[in-house]
Structure formats: structure tokens, C-alpha cells
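Have a look at the model first, then try each task before reading its solution.

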Amino acid sequence: MIKLKGRMICKGKAEGKALVTKQGISFFGGVNPFNGIITESGHELEGQSITGKILVFPHGKGSTVGSYALYRMKKQGTAPLALINSECETIVAVGAIISEIPCIDKIDISQIKNGQKIIVDGEKGIIELK
Amino acid sequence: MLKIISKFYLYNYFGEKMQLTKEETEMLEGKKGNAVKKSMEILLALGEIYGAKKLVEVSSVQVAGVSYDNLGDAGLEYLSELAKDGKVKVLTTLNPAGMDLENYKVLGIPEDFAIKQKMVINSFTKMGVIPTCTCTPYLIGNKPNIGENIAWSESSAVTYANSVLGAKTNREGGPSALASALTGKTPLYGMHLDKNRIAKIKIIVNCEIKGTENFGALGKVIGEKVGAKPTYIIGIKKASLEELKSFSASIATYGGAAIFHMKGITPNKTIIPKKEIVIAQEDINKSINELTMNNCEVDFVSIGCPHASIKELEKVAELLKGKKVKKEFWITTARPTKKLADKKGYSKIIEEAGAKFAADTCCVVAPIKGRFKCLATDSAKGCYYAYSKNNSKTKIMPIEKLVEEACK
């Protein structure tokens, strides 16, 4: 088991499987809020669902409306369980907080493998890789 | 003792160094209600990400994220949740909505959209936000002075406020600006610190720039060359409010700049940078040509991006007097500006000619995708969004030509 320490952006605990990408994600326009599937053309996760995953990505991108899109997904039950970033920015931080999705950044995301089981402790800013 | 407690609390909460007052700590703990608590969480997370050491008080807020076209039901739901116990602490005005709140039927806005849009406005109004629905708050009574800390979203107004008014604001998003309205605070970083407002590149403009369309083209040239970096621009002899409004919108749209300095025109002090870029007439021509697309028959004419001033409405009325427009022609403006035009008789002339007022809204946020194939406008920002958001081709031209085009 490996423990990684990052910075808490939004508190909360979660446990689940990692979905990892090296590319930024745009939650407004880049993800279908009704089924959680990434729709951005050419994205390495295109066609995959982020619902119920620990979503691991470097940072958000695109419109600030993306924060509301995360909120919408949370309300519809299509949101990820937690968000892990290398560098969090305004869109993801605000989205995580208003939606109450645990979020940690300052993590070396290259250490996380796709499908790996992860425990996220937002309060402590720690993730455990199983 | 209280200070120690608040520091300790924050250490636990964020593990780092932002310092909160007793009042701010209580806000974060939820003692001032849920909307305030959520807002503090947003502001502290942003402060943490961008290295702020504390919060500062703001005197004015401009909230974007108003159009139901962009918010959807999720945004509406979030706003209704905040409106349960949230009340603004400072003067707070609102960005354009997705429709004219009175005249939407004439503009062809569907009824189901109108119902949702009114619900969005009601949530804001319940929180004490003034439903001004304009991107030019500085024209209708929300005009901060030099040196004031404010929290504005709407990129064109942010650049105008920082550069032309000399107030201090970051480029806020809708939720973070609203968080500032509900708490009266913003984290102290970025544009609030003088060191970040200093010009990094000197821009030498070697040609005469005149008219809103050419100032827009200049904004596009500079934005594309230097991105978001603060600039010191020389060579502009004079610039009207309308020209600076167009320029601010364009430089923010094409480059993301929050501030520029214009020698002899804007009020902020800056160190003059060594690195220089020269802009000549060819650059302006190239930019105008890029926004004037071929193989496109104009089917939509629009003036008022950012929202038209009373002087612009006067000019349009003069040009339209006794004429009839043959194409869809929208004039987007703030409702108070429209009211002035009513009093001066401009609105009557404009409407008798067949042009339509679209107050409270604009061509960037209204749900008009697919309705028009080719927009003619004097706004470089308007061209950008017509093309990228609404799949429309564009032609940029001065107001005189726009009126001619509309009557052709």
C-alpha cells in the first residue's frame, strides 16, 4: 500500500476505482451530464464513464460553467466519487465545493494506475493506493 | 486567544497559512448560515490555490452566469439553494440573461426557456442582487473608483474596471463572484496586488485607430500576440468610452488579459517594460479581414457588444431615421440605457424603422444557435462568440455600414 499526501480542496471520504488521464477535462461541453460519459472529441477517455470513479486528471479546463455541470452530475447521480488533480484550478475547485465531492490536489498522478483501488481522505489530504 | 483559535482552526482546515478574522471563522463554521458557509469554502479554496494570505473586503460585485442557456437546471438548482438564506452584503449587479425579460416574445424566445430564465432571475433577486442584466455595470450605477477592491465576473467588464476605472478585480467566475457578494470578501491575490498589475510588454501602435470596430480589431491583434500578459500601449491619441469598451472586450476575449495600460488614457501607474511589439496598419487590416468572412450573406445585424451606451443609441437613431430595415436587427443594451433612449425619442425612431431592442440580454448568451448564418456587427468579441458558440459566420464593420447593411 502506498500513501500520497496532497492538499485538501474539498473535504469528504471516498473509496473506489481510479480512472486516470493525463489530459485536462472540461466538465461543460466535454462530459455528458446525463450518463457521465466523456464526449470531447479525441480525448483519451472519450466514450468512458466517470460516474462512480475516483477521477484522476491533471486539471480542469474550459468554461467556468463547468463548476455547475459537476453540481448537476452530483444531483443526478452521475458524478465521480472523488477528484484527484496535480494542480487544481478555479473551475474544478468551485465545482467540487458546491457539489460536495471530495477533492485533493498536489498529487503526483503518474503514480496512480487505471483501475487501481484508491481510498481518498479529503480531510487529511491523503490518498491510499491499494 | 481568539486569534490563536482562528489560526489553529484554519491550520486544521487547510493545512496552510491563510489567516482569518473571528468573523470570517464564524462564517466558515456556518454560524452565519449555509449560503455564507458555502461561499467562504469557495473563497478559501481559491485563496489557497492562488496563494492568498488573507481575505479583503470588496465594495462591488458583478455576477456572471445568468443565462439559463449556460446554467441549465443544475445552475438554477444551486442558485435556489443559496437563495434559501443568502443575502448580498455589497452592491451587486447582474450580467445579461438569456433573453429580454419584457420583450422576449418579439425576439422569438420559447416560453419554456422564458419560465426557467425568470426562475434564475428570481433566485438572484431574492438574494438582493439587482437584476440589471448588463455587461456594462459601469454605465448604469455600479462604477467603482480607482484603487477599490471589487469582485467582478464578465471578462470585458473586468478588463474595463481594472484598466479604465483603476479598480482591482480578478477574472472571477459566476460562483466565486456570488460568493464574494454573499460574504463581502475576496481572497487577496492576483490583480488585487499591485505587483501583478505592472505591464510586461510595451505595445507601440504605429497607425491611427478610430471607431469601435478598429479598437476591437486592435484588441484581437494584441490578445493573440501576448495572451493574458499586462500591456503598456502607446500611440493611441484618444479613445472614447465606447472605443475603450470595445477594446476591453476584445483584448479579454482573444488573449484573456485582465488589465492593460494606455499612455495618456488609463489611470494606473506602471513600470514601462523593455520588451516591445510594434503594431502597424497591416496587422489591423489582417484582423478585420479574419472577422469579415467570405461566402456569407448577412442575415442578422447586431449592435451592442458590450451593451450599447446612450451615445451609441443616439447614433443608431440618427442613422435609422426615416429608413426601414430589411434584416433581423438587434440592439442589445442595458434596460436603464434603453429607458433614457425612450425619453429622448431614440427608441421610437429605432423601433419604427423595424430594428428590435434586446435589453437584459446579448447575442453571446441568448439561445440563438442555428437561427442565423451570418452576423454583421461592430464588435470583435461578438464575432468570436457568433462563430465559436453559435456556428455563425461574421462580418465586422462600423455602425454606419451596419445600418446600411440592415436596410439593404
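**Exercise 1.** Find what distance separates the centres of domain 1 of chain B and domain 2 of chain B.

*Solution.* Start with the bounds, which come from an automatic or database domain assignment: chain B has domain 1 (57-194), domain 2 (198-288) and domain 3 (292-407). Taken over C-alpha atoms, the centres of domain 1 of chain B and domain 2 of chain B are 26 Å apart. This is a predicted model, where local features need pLDDT of at least 70, side-chain atom pairs count only at pLDDT 80 or more, and totals for chains, interfaces and linings use all residues. Residues are numbered from 1 along each chain as its sequence is written, while chains are lettered from A and ligands numbered from 1 in the order in which they are written.

**Exercise 2.** Work out how many residues of domain 1 of chain B are in contact with domain 2 of chain B.

*Solution.* Two residues are in contact if their C-beta atoms, placed from the backbone, lie within 7 Å. On that basis, 14 residues of domain 1 of chain B meet 15 residues of domain 2 of chain B.

**Exercise 3.** Now turn to the contact of chain B with chain A: which element of chain B gives the most residues?

*Solution.* First, the contact takes 21 residues from chain B and 19 residues from chain A. Next, α3 (34-49), α4 (68-83) and α7 (174-183) of chain B each give two or more residues to the side touching chain A; helices are DSSP runs (H or I, at least four residues), numbered from the N terminus. Finally, α4(B) gives the most to that side, with eight residues.
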